[in-house]
Every structure is written in C-alpha cells, then in structure tokens.
Amino acid sequence: MGKKRVMQMKKGTILFKLGLVALLIGVSIFFAGKSWGQGAPKVLRLALIPAEDIEEMIRAFAPAKQYLERELGMKIEEFRATDYTAVIEAMRAKKADVAYFGPFSYVLAAKRANATAIIGGSEGDGKLATYHSIFITHKESNLKTMEDVKANVNKLTVAFVDPASTSGHLIPRGGLESLGIRVDKDFKEIIFAGGHDASVLAVKSRKVDIGATWEGGFQRVLDKGVASREEFVVLWKSAPIPRSPIAVRKDMDGSLIQRIQQAFLDMPQKAPDAFKQFEGRWEKNKSYVKVTDTDYNYIREIAIKLGKL
C-alpha cells in the first residue's frame, strides 16, 4: 500500500508540473498576443516613393531605420521601388506595411491598397505644412510666362516626374488644364523623367522645354551645384499642397499602428540627427504631426476632376 501511494503521489506531481508548464505557455502566448496584436508582422516592411535617386534616399534613411527598429523592437526591411506605382502595388500585395507617399500617390493607395495616412510634415507649429509645385524652363527658351507656353504649346516638350506624383504631375497638369491646354493632345511630346531631380536636369540640358517639379526638389538640385539658379525661369507656382504623408496598411493591428505613429512623432526629439538626415532628402520638415485621410481630400477632389482617380 505504501509503494502504491508513493507511485500515485509521483504521478500526481508529474501531472501537476505538466499542467503548470501548459498554463505558463498559454499565459505567455496570451500576453505576447496582447503586446503585439494578432497578426502583427515579425518584420516591418517600409517603402519610399523614389522622388529622387532611391539608393541615396535609402542611405539617408539608415539612421532613422535604426531608431525605428529600437523603438518598435522589430526588424525593418526597405522595399526598393522603381517608381511611385510600385510602392502602391507593394502595399496592395501586402509586401509593404508602411510607406512614405506623396499626397497623390497616397490618395491612389488609399483607394487601391487599403492605405491610411497617420503622419504628415510640419514646420514645428503643430500643423500640417504645405509646399508648392512649379514649372520651370531654361532661360534661353524664350518662354517668360504661361501665356507663352499656351501660345506655343504645339511646339513644346514637357517633363513630368511620375504619373502618380503630386507636384510633379497631378497639380501642374491641373494648372495647364485650367489655362485651356489639353495636356495629352496639345503638347508636341510628354515625358516622365522618373524623379524631381531628373525633371530639373532635363530642362537644364534642353531635352525638354518646360519641366514640373516642387520648389524643394528644385532647390536641392541647385544646392548640389549641378545647376545654377541663373539658368532657369520659374513660369508658374501652384496653390499650397499638403505635405506628404506616411501611411500604413489599414488592416494592420491597431496597437502596432499607434506604436508606429508615436515612434515617428517622437523621432525629432529622440533621434534628431537621424530625423534631420532623412528630412534633408525628403521635405525638410521640422517635426511630424498626426494626420488622417481627410487631410488629403483636396488632392482627392483634384484627381477626380482630372479623371485620375
């Protein structure tokens, strides 16, 4: 009887220990799920629209990437896009979780790829800042105003940046259409340069007569010393455009989205050098602010009016 009781006690102890292990595993899984959220990715994939040379942009982003990895406790992989549409498609196919978009490419991604804007650029006043699109020409083109462009449009070649670019296509296209210029029919030739710097350089080299870009992209080319201000004439400047958003996939875990948003909001204070290095290649923002999809309704309305959405 004594041996039988000892065996029963040992058996009970083993079962108790196995039950305790199972309980601890269950609790760990439960709290892990609560911490990261159900379906949270193990690796966060981040994409940048190639507003300029994408390899230079990724190099400039490297310190910001390290900061985000520390803040989020996740590895971040960059998605190397060849054009703006590739970023939209990457998010649609769930190959990108977070993306730096332009306003128009964001509006397209919101419709096609379930994207939602969470962060925008600011001048440090707590408000979403703006920027402007411009048309430039070479000083020897004999074009001085947009009326000159309209009068000679059948002889002219125009450079846009990318079909999904805001300041490099949508807004300047709208400006031309408002003057009565039928962009797809009236110009001698239309090209898409692929980047804001490429559009400026196409004008400098006289490969095109006029080029669309944004004021910051134009200034960055001048700052590099590859062109001088005296070589160009600014023909047109747009109304203010809301600064570019950082967006995430709407179907991601809500708690993770909040962590991502807060990490970007904190970047100027927690990692000022990383913030400044990347913003030097982006929009030269002084801080970030929370944004929502409705902040880009102005761009959405223009896109609809022009039949681009």
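User: How many of the 10 residues of H4 are buried?

Analyst: This is a predicted model, in which local features need pLDDT of at least 70, side-chain atom pairs count only at pLDDT 80 or more, and totals for chains, interfaces and linings use all residues. Residues are numbered from 1 along each chain as its sequence is written, and side-chain values use heavy atoms, with hydrogens and water left out. Helices are DSSP runs of H or I with at least four residues, strands are E runs of at least two, and both are numbered from the N terminus. Buried means under 20% relative accessible area, exposed over 50%, partly exposed in between (1.4 Å probe, protein chains only); on that scale H4 is mostly covered, with a buried count of seven.

User: Which residues of H4 are buried?

Analyst: The helix covers residues 103-112. Just after H4, Asn114 has a positive phi of about 60°. Within H4, the buried residues are Pro103, Phe104, Ser105, Tyr106, Val107, Leu108 and Ala109.

User: How are H4 and H12 oriented relative to each other?

Analyst: H12 covers residues 297-305, and its axis lies 9 Å from that of H4, at an angle of about 80°. Axes are lines fitted to C-alpha atoms, for helices over the stretch in contact, and angles run from 0 to 180 degrees between N-to-C directions. Under 35 degrees counts as roughly parallel, over 145 as roughly antiparallel, 65 to 115 as roughly perpendicular and the rest as oblique. H4 and H12 are therefore roughly perpendicular.

User: How many nonpolar residues does the contact of H4 with H12 have?

Analyst: Contact means heavy atoms within 4.5 Å. Pro103, Phe104, Tyr106, Val107 and Ala110 in H4 meet Ile299, Arg300 and Ala303 in H12. Ala, Val, Leu, Ile, Met, Phe, Trp, Tyr, Cys and Pro count as nonpolar, Asp, Glu, Lys and Arg as charged, and the others, Gly among them, as polar. The contact has one charged residue, no polar ones, and a nonpolar count of seven.

User: What are the edge strands of the six-strand sheet?

Analyst: Two strands pair if DSSP finds at least two bridges between them. The open sheet has the order S2-S1-S3-S12-S4-S13, with mixed pairing. Each edge strand pairs on one side only; they are S2 (75-79) and S13 (287-290).

User: What is the average twist from one strand to the next?

Analyst: The sheet is open and has six strands. From one strand to the next, the twist averages 25°.

User: What is the bridge partner of Ile119 in S12?

Analyst: S4 (residues 115-122) runs antiparallel to S13, with four bridges between them, and there Ile119 stands opposite Lys290. S4 also runs antiparallel to S12, joined by five bridges. S12 (residues 245-249) is mostly covered, five of its five residues being buried. The partner of Ile119 in S12 is Ile246.

User: What is the bridge partner of Ala99 in S12?

Analyst: S3 and S12 run antiparallel and share three bridges. In S12, Ala99 is partnered by Ala247.

User: At what angle does H2 run to S1?

Analyst: H2 (residues 54-72) lies across S1 (43-48), S2 and S3 (98-100). Its angle to S1 is about 150°.

User: How are the rings of Phe61 and Tyr100 arranged?

Analyst: Rings of Phe, Tyr and Trp (its six-membered ring) pair if their centres lie within 6.5 Å; planes under 30 degrees apart count as stacked, over 60 as edge-to-face and the rest as tilted. By this rule there are 14 aromatic pairs. Phe61 and Tyr100 have ring centres 5.9 Å apart and planes at 80°, so the pair is edge-to-face.

User: How far apart are the C-alpha atoms of Ile136 and Phe232?

Analyst: Ile136 is in S6 (residues 133-138) and is buried, at 0% relative accessible area. Beyond four places in sequence, its contacts include Val200, Ile210, Phe218 and Phe232. Ile136 and Phe232 are 96 residues apart along the chain, yet their C-alpha atoms are separated by 6.5 Å.

User: Is Asn142 buried or exposed?

Analyst: Asn142 lies in the loop between S6 and H5 (146-152). Its phi is positive, about 70°, although it is not a glycine. With 65% relative accessibility, Asn142 is exposed.

User: What is the relative accessible area of Lys284?

Analyst: Lys284 lies in the loop between H11 (272-279) and S13. Its phi is positive, near 55°, in a residue other than glycine. Lys284 is partly exposed, at 49%.
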